[in-house]
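Work through the exercises below with the model open beside you, and try each task before you read its solution.

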Amino acid sequence: MTRDYSDYPALSNLYLEDSYVLDIIERPAEVVFVLEAVLTPEHPRYRAPGAREQHCYVRGNLFFVKVSRIEWLEQSFRKYKDASGSEDLGNVDVLTNTDAVYYMEGDWGKVRIWSNDDPQFEFSEKP
């Protein structure tokens, strides 16, 4: 059975398709996607978007632990600039899981991540 990221409690109130990947960090048994993440109105930390914002954005880390294998199918280090001059690697277009293999895709590449643990999201800024 394939599960979408919204099926995971830690990610259910995020909208990854409009979240920006700022960095990707690989460590032994761990992969971290540093995000400017979009919170949905259902998230307890949601706030109305600012005058120049489309969504409620927060900095945080989407991470996978107890990773047994990582397979990059494609990888891009191209940076994109927004109107304010901030740079990012693009969005998270896809995050699914089938049989403990996570598949992620975006402008930054395509990757398979093997882990039996659910992905987590951790804020990097205080409320």
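**Exercise 1. Find the residues that form one aromatic cluster, and describe how ring pairs are classified.**

Solution. Begin with the cluster itself, which is made up of Tyr8, Phe33, Phe64, Trp72, Tyr102 and Trp108. The model is a predicted one, in which local features need pLDDT of at least 70 and side-chain atom pairs count only at pLDDT 80 or more, while totals for chains, interfaces and linings use all residues. Residues are numbered from 1 along each chain as its sequence is written, and side-chain values use heavy atoms, with hydrogens and water left out.

Next, settle the terms: rings of Phe, Tyr and Trp (its six-membered ring) pair if their centres lie within 6.5 Å, and planes under 30 degrees apart count as stacked, over 60 as edge-to-face and the rest as tilted. By this rule the structure holds seven aromatic pairs.

**Exercise 2. Classify the pair of tyrosine 20 and tyrosine 57, and say where each residue lies.**

Solution. The ring centres of tyrosine 20 and tyrosine 57 are 6.0 Å apart and their planes stand at 25°, so this pair is stacked. Tyrosine 20 belongs to strand E2 (residues 20-27) and tyrosine 57 to strand E4 (residues 56-65), so that the pair links parts of the chain 37 residues apart; strands here are DSSP runs of at least two residues, numbered from the N terminus. For accessibility, buried means under 20% relative accessible area, exposed over 50%, and partly exposed in between (1.4 Å probe, protein chains only). Tyrosine 20, at 29%, is therefore partly exposed, whereas tyrosine 57, at 13%, is buried.

**Exercise 3. Classify the pair of tryptophan 72 and tryptophan 108, and state whether each is buried or partly exposed.**

Solution. With centres 6.2 Å apart and planes at 90°, the rings of tryptophan 72 and tryptophan 108 make an edge-to-face pair. Because tryptophan 72 lies in strand E5 (residues 67-75) and tryptophan 108 in the loop between strand E9 (101-106) and strand E10 (109-115), the pair ties together parts that are 36 residues apart in sequence. Tryptophan 72 has a relative accessibility of 22% and counts as partly exposed, while tryptophan 108, with 0%, is buried.

**Exercise 4. Which charged ends sit over the rings of tyrosine 8 and tryptophan 114?**

Solution. The criterion is that NZ of Lys or CZ of Arg is within 6 Å of the ring centre and within 35 degrees of the ring normal. Over tyrosine 8 sits the charged end of arginine 3, 4.0 Å from the ring centre; over tryptophan 114 sits that of arginine 69, 4.3 Å from the centre.

**Exercise 5. Give the strand order of the open sheet formed by four strands, and identify its edges.**

Solution. Two strands pair if DSSP finds at least two bridges between them, and the four strands run in the order E2-E3-E4-E11 with antiparallel pairing. E2 and strand E11 (120-123) have a single partner strand each, so one side of each is left without a neighbour in the sheet. E4 and E11 are joined by four bridges, and glycine 60 stands opposite phenylalanine 123 in E11.

**Exercise 6. Which residues of the largest nonpolar core touch the most other members?**

Solution. Such a core is a set of buried Ala, Val, Leu, Ile, Met, Phe, Trp, Tyr and Cys residues joined through side-chain atoms within 4.5 Å. Among its 26 residues, Phe33, Phe64, Leu95 and Met104 touch the most other members, and E3 gives the most to this core, with five residues.
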